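Subject: Structure handover and findings

Dear colleague,

Please find below the structure for your review. A summary of the findings follows it.

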Amino acid sequence: MPPAVLNGISISNKINIDILKQRFIIDVVHEDDSLKDHDILTFFKLRISMRSIVKIFIYSLLKKYSYFYLNFSTSTFGSLKTFAAIFFYKIFNRGGVILHIHRGDFISSYCKS
């Protein structure tokens with residue numbers, strides 16, 4: 001999940017997680033909020049992102065999940081992180097993957113980029 005800050009995405013994530021917790025056992029990996037600073041060096045962004053992916057890898061190794069729910073980032077870097085997380089999850093789990101795109105303007109944004 002993106003960092004736990006108060007915005008539309010985090011509010012939506014909290015609602016979704018609260019609903020899912022009523023029926024499932026949930027483990028949440030929050031991304032480090034250091035990524036909010038877009039001026040940091042690419043190396044540090046990669047290192048911070050790898051920490052989240054390593055957490056997902058460890059959880060997937062230790063537990064067998066039925067589903068992997070995550071936000072799909074529409075940026076190029078975010079999309080690569082999403083696909084890496086799915087890859088490492090699927091190494092040890094046969095469960096399904098659920099992607100949540102939180103952008104009302106996804107199609108127009110995608111067509112422009």
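Is Tyr-67 buried, partly exposed or exposed? With a relative accessible area of 48%, Tyr-67 is partly exposed. Please note that the model is predicted.

Aromatic pairs. A search of the whole structure returns 6 aromatic pairs. In one of them, the ring centres of Phe-24 and Tyr-67 are 6.0 Å apart with the planes at 75 degrees, so the pair is edge-to-face. Phe-24 belongs to the loop between helix H1 (8-21) and H2, whereas Tyr-67 belongs to strand S1, so this pair ties together parts that are 43 residues apart in sequence. Phe-24 is partly exposed, at a relative accessible area of 34%. The rings of Phe-87 and Phe-88 are also edge-to-face, because their planes stand at 80 degrees, with the centres 5.2 Å apart. Phe-88 is partly exposed as well, at 26% relative accessibility. Ring pairs join Phe-57, Phe-87, Phe-88 and Phe-92 into a cluster.

Strands. Strand S1 (residues 67-71) is largely enclosed by the rest of the structure, because 4 of its 5 residues are buried. S1 pairs with strand S2 (residues 96-100) in the parallel sense over 5 bridges, and Leu-70 has Leu-99 in S2 as its bridge partner. Together with helix H3 (residues 76-92), S1 and S2 make a right-handed β-α-β unit.

Surface. A nonpolar surface patch is formed by Met-50, Val-54, Ile-58, Leu-61 and Leu-62, with about 460 Å² of accessible area together.

Yours sincerely

Definitions and conventions
Residues are numbered from 1 along each chain as its sequence is written. This is a predicted model: local features need pLDDT of at least 70, side-chain atom pairs count only at pLDDT 80 or more; totals for chains, interfaces and linings use all residues. Side-chain values use heavy atoms; hydrogens and water are left out. Patches are made of residues with over 30% relative accessible area and no salt bridge: like charges are joined within 9 Å, nonpolar side chains (Val, Leu, Ile, Met, Phe, Trp, Tyr) within 5 Å. Accessible areas come from the Shrake-Rupley method with a 1.4 Å probe; for residues, only the protein chains shown count as cover. A salt bridge is a side-chain nitrogen of Lys or Arg within 4 Å of a carboxyl oxygen of Asp or Glu. Buried means under 20% relative accessible area, exposed over 50%, partly exposed in between (1.4 Å probe, protein chains only). Helices (H or I, at least four residues) and strands (E, at least two) are DSSP runs, numbered from the N terminus. Two strands pair if DSSP finds at least two bridges between them. A crossover is right-handed if, with the strands pointing away from the viewer, the path from the first strand over the helix to the second runs clockwise. Rings of Phe, Tyr and Trp (its six-membered ring) pair if their centres lie within 6.5 Å; planes under 30 degrees apart count as stacked, over 60 as edge-to-face and the rest as tilted.
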